[in-house]
Structure formats: structure tokens, C-alpha cells
Amino acid sequence: MEGERGEFLIKGIMNIKSSFLWTMSVILFTLGCATGGDVTRLRNDVLGLEKKYEESIPEIRKNQAEIGVKIDTLQVDLQVLTGRFEEGRYQTERSLKDVTTTKENYSLQIKELENRLNNLKDRLSAIEHSLNIQPASSPETKQPPPEVKEGEKKSPGDIYKEAYATFKHGEIAVAREMFKRFLKTYPKSEFSDNALYWLGECYYAEKNYEDAILSFEDLIKKFPKSDKVPRAMLKQGYSFYELGDKASGKLLMERVIEKFPKSEEASLAKKRLKGVSKPTQKKK
């Protein structure tokens with residue numbers, strides 16, 4: 001940079017000097033044709049021009065130095081901006097890469113959980129097929145579930161309420177069979193999502209966590225817009241914890257928090273992840 005400024009200054013001086021010499025040539029030529037008084041006046045003019053030329057050189061050098069400083073400052077600013085741009089681009093690319101990696105890991109975890117649920121279904125189906133028996137009733141009661149007689153005129157809502165009242169009364173096994181019969185008779189009624197949820201709660205209360213998981217899963221898949229979905233997902237997570245599968249339980253707690261961040265279930269999921277408490281029964 002110093003070399004370039006020096007070269008620029010030398011060229012400027014040479015240009016000024018050339019102009020001066022040309023002017024002097026013209027003056028000398030004129031002197032040859034002028035009188036004595038004119039010669040003196042012209043000589044004085046030449047001396048004045050020469051003095052102005054010498055006086056202008058420091059100013060030219062000063063201006064050149066100031067221009068050089070400004071150019072250096074601009075180059076430094078440009079380097080700083082370039083560095084910031086490169087750093088910003090690096091951070092952006094790194095953030096995008098981290099987000100992509102997190103998304104891929106989360107998708108793999110969801111896929112693994114779905115595979116576990118499918119394996120669980122297959123295993124239960126194989127066990128039921130080989131044993132060809134129904135799940136045992138709770139030892140606290142062996143009362144057969146009431147049947148809806150053909151002549152009785154009860155609405156699906158009435159039948160559901162009877163099953164729910166039986167559950168709340170503590171007759172879990174009876175309520176379980178009532179909910180199963182209701183779902184078989186009214187698989188797509190306005191109460192079917194609730195019936196599936198409380199069927200899962202029956203299994204959960206009987207510590208039959210595998211059937212509870214499957215019942216809650218049926219609810220989530222068949223009625224994805226039901227208000228029971230957040231609680232069903234939460235209880236699925238608790239069921240996996242009870243089965244000793246903490247990885248699946250934790251994943252489901254995180255899904256509840258992500259999908260329903262402002263819900264009561266999300267608060268319970270956060271507490272469960274911290275090992276604080278278990279969920280309580282929710283109103284019908």
C-alpha cells in the first residue's frame with residue numbers, strides 16, 4: 001500500500017513538473033520576443049509560479065496521506081464485515097445441521113416406539129391365540145357383566161353412563177366388560193372415544209399395562225381429535241414406565257409436552273420426567 005501511494009505521489013509531481021517546464025518554455029519563447037520591462041515582469045511571474053509550485057507540494061503530500069489513511073480504514077472495515085459474514089454463515093449452517101439431526105433422531109425414536117407397539121400387539125395376539133382364554137377377572141368381584149336385553153330401550157349414552165358409573169363404583173372387571181360390549185355394539189358412537197379411554201383405565205387399574213397401552217393406542221388412532229387423546233398418550237407413557245420400559249415412557253412424556261404444551265397433561269408429563277408424581281383420574 002505504501003509503495004502504491006509513493007508511486008502515485010511521484011506521478012503527480014512529475015505531471016506538475018512537466019506542466020511547469022512547458023509553462024517555462026512558453027515563457028522563455030515569449031521572452032525572446034518581449035521588451036526589457038516585459039522580461040522583468042515575466043521573470044517575476046515565473047518566480048511566483050515556481051514558489052506556488054513548491055508550496056503546493058506539501059499540501060499534495062498531505063492530501064495523499066489522508067486518502068491513504070481512509071483507504072486503509074475502509075479495507076479494515078471490509079475485512080471486519082467479511083469476517084462477520086463468514087461467521088454468521090457458519091453459525092447458520094451449523095444450526096440448520098443441528099435441527100436436521102435432531103429431527104432425524106426424533107423420527108427414529110417415534111418409529112422405534114411404533115415398532116414396539118406393533119410387536120406388543122403381535123405378542124398379545126399370539127398369547128391369546130395359543131391359550132384361547134379371556135383375561136382373568138379381578139379377584140375382588142366375579143359378578144357377570146349385565147347384558148342389555150333386546151326389549152330394553154336404552155340409548156348408547158345411557159349404556160355408556162352405566163359402564164362409567166360401574167367403574168367409578170370400583171367394580172373394575174365388570175366395567176371393563178361393559179365397555180368392551182359397548183364398543184362392540186356402538187364402535188362409532190359419540191361416546192366410543194370415552195369408552196376406549198375408560199377401557200384402558202380399567203386395564204391400567206388391573207395392572208394389565210400391555211392391554212392398557214393397546215386400548216389407549218386404539219383411541220389415539222381411531223379418534224385423533226378426541227379430547228381424551230392427551231390423557232391417553234400420558235397413560236400410555238405411564239404404562240411403559242410400569243413395564244420397565246423407561247425409554248418409551250420418556251419419549252411419550254416428551255410427545256405430550258410437544259403436542260399439547262398448555263394442557264394439564266403436559267404439566268403432569270413434566271412432573272413425571274422429574275419423578276415428582278403420577279397422574280390422577282380425570283373426570284369422565
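A residue is taken as buried when its relative accessible area is under 20%. In this predicted model, glutamate 265 has a relative accessibility of 3% and therefore counts as buried. Glutamate 265 belongs to helix 9, which comprises residues 264-273, and its side chain makes a polar contact of 3.3 Å with the side chain of arginine 231.

Helix 5 covers residues 192-205, and its 14 residues should span 20 Å at 1.5 Å a residue; the end C-alpha atoms are 20 Å apart, in agreement with this value. Of these 14 residues, 13 are buried, so helix 5 is largely enclosed by the rest of the structure. Lysine 207, which follows helix 5, has a positive phi, near 65°.

Aromatic pairs number 11 in the model. In one of them, the ring centres of tyrosine 197 and phenylalanine 216 are 5.6 Å apart and the planes meet at 45°, so the pair is classed as tilted. Because tyrosine 197 lies in helix 5 and phenylalanine 216 in helix 6 (residues 209-222), this pair ties together parts that are 19 residues apart in sequence. Tyrosine 197 is buried, at 1% relative accessible area, and phenylalanine 216 is likewise buried, at 0%. The rings of tyrosine 204 and tyrosine 209, with centres 5.3 Å apart and planes at 75°, form an edge-to-face pair; tyrosine 204 and tyrosine 209 are both buried. One aromatic cluster includes Tyr160, Phe191, Tyr197, Trp198 and Phe216 among its members.

Charged side chains also lie over aromatic rings. Lysine 235 is placed over the face of tyrosine 204, 4.1 Å from the ring centre, and arginine 272 lies over the face of tyrosine 241, at 4.1 Å from the ring centre.

Note on methods:
Residues numbered from 1 in each chain as written. Predicted model: local features only at pLDDT ≥ 70, side-chain atom pairs only at ≥ 80, totals over all residues. Heavy atoms only, no water. Helix = DSSP H or I, 4+ residues; strand = E, 2+ residues; numbered from the N terminus. Expected span 1.5 Å × (residues − 1). Buried < 20%, exposed > 50% of the residue type's maximum accessible area, 1.4 Å probe, protein only. Polar contact = N/O pair within 3.5 Å; in protein donor to acceptor, adjacent residues only side chain to side chain. Phe/Tyr/Trp six-rings, centres within 6.5 Å; stacked < 30°, edge-to-face > 60°. Lys NZ or Arg CZ within 6 Å of the ring centre and 35° of its normal.
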